[in-house]
Amino acid sequence: MTTADDPASGEQTLVVRLRVNGMWHEVRVPGRRLLSDALRHDLRLTGTHVGCEHGVCGACTVLLDGEPVRSCLLLAASADGHELTTVEGLAEPDGTLHPVQQAFVDCHGLQCGFCTPGFVMTIAAYLRENPDPDEDDALAACAGNLCRCTGYQNIKAAVLRAAELSRGTGR
Amino acid sequence: MTTRLLGAPVTRVEDPRLLRGEGRYLDDLGQDALEVAFVRSPHAHARVLDIDVDGVLEVPGVVAVYTYEDLLESDRDDGTHVSEPLPLLIPHPALHAPRTAYPLAREEVNHVGEAIAMVVARDRYVAEDACGRIVVRYEVLTPVVGLAAAREAAQAVHADVPDNVAAHLVQQVGDLAAAMAAAPRRHTLDLRVERSASMPLEGKGVYARWDTDEHTVRVYTSTQAATSVRAAVAAKLGLALNQVECIAPDIGGGFGVKIVHPWPEEVLVPWAARRLARAGGPREVKWVEDRREHFVSSAHERAQVQRVEVGFDDEGHLLAFDFTFWHDNGAYTPYGIIVPIITSTQVLGPYKPGAYRCEFFSMYTNTVIVTPYRGAGRPQGVYAMERAMDAIADATGLDRALVRERNLIQPDEMPYDHHLVFQDGRPLIYDSGDYPAGLAKLKALVGWEDFEAVREQARAQGRRVGIGLACYVEGTGPGPYEGAHVVVETSGKVKVATGLTSQGQGHQTAFAQVVADQLGVALRDVEVVTGDSRRFRYAVGTFASRAAVMSGSAMHIAAAKVREKALRVAAEALEVSVDDLELVDGAVSVKGTAPGSSGTSLSLGTIAVLANPLRYAFDEASQAATQFAVGDTSQAPVAPGEEPGLEASGYYSPQRSTFASGVHAVVVETDPLTAEITVLRYCVVHDCGTLINPRIVQGQVHGGVAQGVAGALYERMEYDEHGQLLNASFMDFLMPYATEVPRKVEIDHLQTPSPLNPLGIKGAGEAGVIPGMAVLASAIEDAEGFRIDAMPISPSELFHLRQAHERGELPSLTRAGRPKEFLP
């Protein structure tokens with residue numbers, strides 16, 4: 001990380017290197033720039049959403065070195081040198097949806113879609129650790145994210161469906 | 001053969017895009033735009049004495065600072081109307097003291113969160129820095145918080161409305177006084193409902209692009225009423241309508257709050273974009289609401305204090321219903337008195353009330369404005385009626401379901417005229433429905449008759465359970481109208497637009513199903529655009545469970561016109577009678593021949609080519625339509641009465657609303673020690689007429705039920721006496737996670753098609769939320785054995801009620817078929 005004063009703003013800026021969805025990016029950001037803003041507005045990966053700005057709703061969840069984190073609670077600078085996966089990086093290169101994404105289609109697990117990327121990332125990480133969830137596990141998998149549209153019933157169903165699809169694809 | 005799509009639970013066409021992170025929500029747009037932050041009032045009631053913005057423009061990255069003075073100057077110099085109060089969207093004769101806010105406060109603020117100064121800067125970080133430098137001097141006034149203070153009127157919210165009464169309305173049917181006096185039995189209930197809010201995961205947001213070459217502005221806004229925002233922006237900015245386009249991009253939920261318009265920001269952001277462009281500056285400006293702003297500067301709903309007096313006989317027949325309530329409308333009334341009007345009419349539910357009188361007072365308080373949130377006054381009305389039904393049952397010793405059955409409107413009484421005026425200004429006439437069948441289904445689904453055995457079994461285990469039920473009728477699909485445009489392109493693809501917006505209801509899928517059926521094409525060949533004034537200019541908006549009814553019907557009408565034209569054009573080209581043709585699999589073919597057969601069949605794409613006679617050939621398809629290729633030279637290329645193109649617009653404008661209905665039942669368990677309330681079963685029977693897509697309807701019911709449970713058990717706006725909202729964050733406002741909603745929602749359907757529209761549709765969007773408070777109050781009191789009058793109810797409140805009950809301050813219920821003391 002190198003720091004410098006931005007002559008236009010007088011604000012100290014840093015060059016941050018982020019490996020996002022397999023590709024290295026270098027961005028110059030003020031030290032206070034949130035990771036969620038860096039992803040959305042510097043890298044323009046707008047699939048990651050911000051619903052509450054204080055880590056409660058989970059819409060901004062991305063994977064940091066494979067672990068789900070709330071990108072609205074992290075500074076971009078603190079992710080320097082790390083590997084990030086956003087919802088844009090989940091599908092196969094040929095466009096085939098990730099089992100969790102496909103399960104959300106199959107089960108009508110989304111309505112407005114705003115909270116959805118956070119759920120999808122959270123559940124994808126959960127299923128990697130817990131590939132064979134039962135109904136209680138499905139509830140636990142999605143219990144840390146807020147959704148205002150679906151009433152969660154079909155999201156829970158999507159967790160089970162995704163596990164089923166993953167077993168089918170070996171992912 | 002194309003399968004029928006209407007009624008098919010197809011997966012949504014919107015989903016893959018949204019799941020890949022390719023949605024375009026408001027803050028995904030305008031990446032290079034300047035960003036806005038507001039200085040908002042920290043006081044609930046204050047005079048603004050002075051705003052000191054000195055030095056703010058020196059903050060690096062700050063482009064502009066605006067206060068009310070700038071709005072005045074703009075109106076004077078530029079012919080805008082931005083210094084005037086925001087419009088009163090829905091005037092009503094009973095709203096005798098309407099008040100609306102200014103886009104930026106002028107002299108006085110009336111709730112915490114009211115915008116006072118606007119900063120435009122390089123980004124939101126810098127804009128917020130600059131806001132921190134603005135110093136506002138206030139003279140703090142005593143705020144009016146809560147309905148008790150508003151009614152007491154020791155202070156006034158608006159000095160010229162000393163009693164705080166914005167509106168007063170009385171509606172009456174029959175001779176209430178006589179019916180009440182003659183009733184063998186009477187009972188009075190005092191009820192209370194607190195504030196909640198729509199709380200979509202995406203807040204509001206506005207992004208405006210002023211085009212200095214064209215002198216036009218394009219406004220993107222997270223709204224439920226794009227065409228009306230367009231008109232409002234044009235009016236406020238002093239522009240011709242055709243200088244403004246308004247687009248609702250992907251919207252991260254609405255639930256009512258985004259139907260209000262224009263929000264201050266919807267006026268100010270395009271205004272600033274133009275102002276900066278005129279000064280030779282950047283032309284793109286964006287504001288994205290943060291969560292705290294959403295709590296304190298958007299809208300809430302629900303708060304009412306109600307008094308219900310019922311007259312009834314020993315058989316439980318309702319003879320007189322006298323309903324008085326006080327409705328907290330917050331600081332301003334931009335959306336008129338729609339919410340209390342809905343409460344005052346939909347309170348009647350599926351019942352014949354005997355004589356009915358309703359009187360309401362809509363009251364000012366120094367809190368956030370109150371405008372529709374999913375259900376829009378219905379949950380409160382249903383709560384009042386259903387609490388009364390339970391009280392009648394207990395007073396008469398009759399079963400709660402039986403009392404309801406005895407008061408239901410019967411199917412052969414449809415259409416049923418209540419002789420009242422509904423929220424759309426039209427007569428309150430139920431068009432159709434089978435309420436006894438719905439209640440019977442619900443009783444079967446939940447096992448109503450067998451519940452005492454369940455209770456006994458639980459009691460034996462030291463557990464405390466209760467059951468409740470609640471019925472509702474929901475007026476859906478109010479006018480005035482919606483429209484749709486359907487065009488078949490020469491590729492055979494169908495492009496469809498309606499002006500009504502979408503907030504996640506799956507309109508792109510549902511409308512495509514309607515159109516695909518009419519045109520005999522595959523779902524994937526139909527593309528639907530909503531809420532974009534460039535594509536369709538005439539629309540009303542998405543509210544009151546009206547999209548499927550209104551735009552769905554308009555889609556059907558427009559597509560039928562296109563179908564008719566396709567048959568007509570094909571008949572001429574194939575030289576056969578229209579009667580001999582059918583439209584199947586994207587082609588018009590002579591009946592009995594296969595689509596695609598040469599000489600007897602024309603694809604819709606080819607018909608689209610033939611429908612638009614051309615002079616110029618620009619591709620292979622268009623060659624077939626040039627004047628030397630087609631046409632009878634003795635006829636005009638476009639026949640009289642015809643228009644070029646295979647396209648049509650259609651409009652649907654109903655005489656009045658259509659009425660959906662349903663019944664919910666819930667089984668709860670209350671912890672004998674902690675008073676924790678757990679929903680064991682949640683059962684729904686609902687009737688929204690013809691289902692376009694059962695999968696989407698099921699999702700709407702699920703989401704509504706979750707919000708109903710939320711409003712009954714978790715969510716409330718905690719204002720302190722100073723008018724500070726103490727829980728203005730997701731950390732403190734208890735919006736349910738998956739762990740707080742019922743594990744499962746059991747649903748049964750009933751379909752009584754509406755006779756008012758061509759597809760028989762009734763709205764489904766709000767139904768799930770409506771009986772939530774009523775059904776949970778009913779079940780909790782059944783578990784506890786004493787009356788529940790205030791919702792929402794938390795475990796600690798229930799615990800305190802238990803203590804009051806034990807002290808003898810809260811009488812025990814007597815209930816049919818149950819021992820006198822039925823506490824476990």
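## Domains of chain B

The model is a predicted one.

Contact between the two domains of chain B involves 21 residues of domain 1 and 18 residues of domain 2. On the side of domain 1 of chain B that touches domain 2, at least two residues come from each of β18 (465-476), β26 (658-670) and α18 (694-713). By class, that side of domain 1 of chain B consists of 10 nonpolar, eight polar and three charged residues.

## Gln707(B) in helix α18

Helix α18 of chain B also holds Gln707(B).

Leaving aside residues up to four places away in sequence, Gln707(B) touches Arg374(B) and Val769(B). The C-alpha atom of Gln707(B) is 8.3 Å from that of Pro736(B), a residue 29 places away along the chain.

In chain B, strand β16 (residues 416-421) pairs with strand β17 (residues 427-430) in the antiparallel sense, over three bridges. Asp417(B) lies opposite Ile429(B) of β17(B).

Five residues lie between the strands of this hairpin. In the hairpin of β16(B) and β17(B), Gly425(B) takes a positive phi near 80°.

## Helix α2 and its two sides

Helix α2 of chain B spans residues 68-78, and Tyr68(B), Asp70(B), Leu71(B) and Ser74(B) are buried in it. Viewed down the axis of α2(B), the buried residues fall within an arc of 155°, so they line one face of the helix. An α-helix has 3.6 residues a turn, so residues three or four places apart point the same way.

What do the buried residues of α2(B) pack against? They pack against β3 (62-66) and α7 (264-278) of chain B. On the other side of α2(B), Arg76(B) and Asp77(B) are exposed. Just after α2(B) comes Gly79(B), with a positive phi of about 70°.

Notes
Residues are numbered from 1 along each chain as its sequence is written. Chains are lettered from A and ligands numbered from 1 in the order in which they are written. This is a predicted model: local features need pLDDT of at least 70, side-chain atom pairs count only at pLDDT 80 or more; totals for chains, interfaces and linings use all residues. A residue is buried if 20 or more other C-beta atoms lie within 10 Å of its own, exposed if 12 or fewer, and partly exposed in between; C-beta atoms are placed from the backbone. Helices (H or I, at least four residues) and strands (E, at least two) are DSSP runs, numbered from the N terminus. The arc is that of the directions from the helix axis to the C-beta atoms. Two residues are in contact if their C-beta atoms, placed from the backbone, lie within 7 Å. Two strands pair if DSSP finds at least two bridges between them. Ala, Val, Leu, Ile, Met, Phe, Trp, Tyr, Cys and Pro count as nonpolar, Asp, Glu, Lys and Arg as charged, and the others, Gly among them, as polar.
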